[in-house]
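Colleague: I have not worked with this structure before. Could you take me through it in plain terms?

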Amino acid sequence: MMKKNHTNEWIRALLAIFFIFGIGATFYIFSKELKDEADKEEASNKKIKLVNNNKEYIAQKSILDSLNVLKLEYDVAILEKTALSQQLAFEKKNVENLMEIIKASENPSNTQIQIFRKQLSDMQTALAFKIAEIKSLKSQNKSLLTEIESQNVVMYKQKAENDTLILKQKKLESTIKDASKIVLNNFKVIALREKKSGKEQETDKAKSTNKLKVSFSVNGNAVAKTGKRVFYIQVLDQKNTVLGENKLIEFGNDKALVYSFIVAADFQGKALNLYGILNSDENPFKKGTYFVNFFDKQEIMGSASITLE
């Protein structure tokens, strides 16, 4: 009986040990499963976070690439050198500033990414408007240039026509002027000795000469100006001194003439034979050669000379 009781106690003890080990194993297995589940959840969260970070990084890089392209497009637009160049340079600086801000942002949030995208979109839209405005300005400039070139062609043709007309007018005026000129010829000068009877006798002796008589002819010209005409006679002695009145007359073209006397005539388009007299007065003529120049205003028409013995 005692032996049976001892055996039962041993069995109960053994069962108790197995029960304790069973509870421990169950707890261990349950705890391990909980830990594994927690590790899986943490790994999943890390994976999700890494994926999210990768998406934001990719979005950040994409925005920077787009901004860099936008910056190059601004450079091209600025090279057009239009009235908008200064404004385009200012907006390009805004693009560069946004790029610096994005580069300085570490692990930007989704909200920041959305803000950056909105700013990028606004800048792209602004550039699109500016490019359209540049095209419009270039089109207007091209039209204006075409119009200016057309006007220049018209003006050039008009100028060419005017130059031709002016040239023709000048030629006509020159022709009329040449045609209206009167021509002087038959220039002569003789020395005269006046006798007591008043009769004049030609001489070549200086001591006998009382006066020099100069003569010339005016050709007829129907288109020449009619009316009173004045011709200036200049007599020079051996010392190139102007004899006679020795008066100075100035003309309107900064020219002047010192003359000895004048010969006036009423010219009516017909030929004339004219003459003038230079008296010795109180200055007798000396031996030598005397030169006589005939002028129509300041223009010399001819000359003659005489030598007195």
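**Salt bridges and a sheet**

Modeller: At 25% relative accessibility, K71 counts as partly exposed, where buried means under 20% relative accessible area, exposed over 50%, and partly exposed in between (1.4 Å probe, protein chains only). This is a predicted model, in which local features need pLDDT of at least 70 and side-chain atom pairs count only at pLDDT 80 or more, while totals for chains, interfaces and linings use all residues. Residues are numbered from 1 along each chain as its sequence is written, and side-chain values use heavy atoms, with hydrogens and water left out.

Colleague: Which side chain meets K71 in a salt bridge?

Modeller: That of E96, at 3.6 Å from N to O. A salt bridge here is a side-chain nitrogen of Lys or Arg within 4 Å of a carboxyl oxygen of Asp or Glu. E96 lies in helix 2 (residues 85-104) and K71 in helix 1 (residues 2-78), so the pair ties together parts that are 25 residues apart in sequence. Helices (H or I, at least four residues) and strands (E, at least two) are DSSP runs, numbered from the N terminus.

Colleague: And is E96 buried or partly exposed?

Modeller: E96 is partly exposed, at 22% relative accessibility.

Colleague: How many salt bridges does a search of the whole structure find?

Modeller: Ten. One of them joins D163 to K159, with the closest N and O atoms 3.0 Å apart. Both residues lie in helix 3 (residues 110-180), four residues apart, which is about one turn of the helix. D163 is partly exposed, with a relative accessible area of 37%.

Colleague: What about K247; which residue is its partner?

Modeller: K247 forms a salt bridge with E245, and their closest N and O atoms are 3.8 Å apart. K247 is partly exposed at 44% relative accessibility, and E245 is partly exposed at 42%.

Colleague: How many bridges link strand 3 and strand 8?

Modeller: Strand 3 (residues 211-218) pairs with strand 8 over eight bridges, in the antiparallel sense. S217 stands opposite N273, which is in strand 8.

Note on methods
Pairing = 2+ DSSP bridges.
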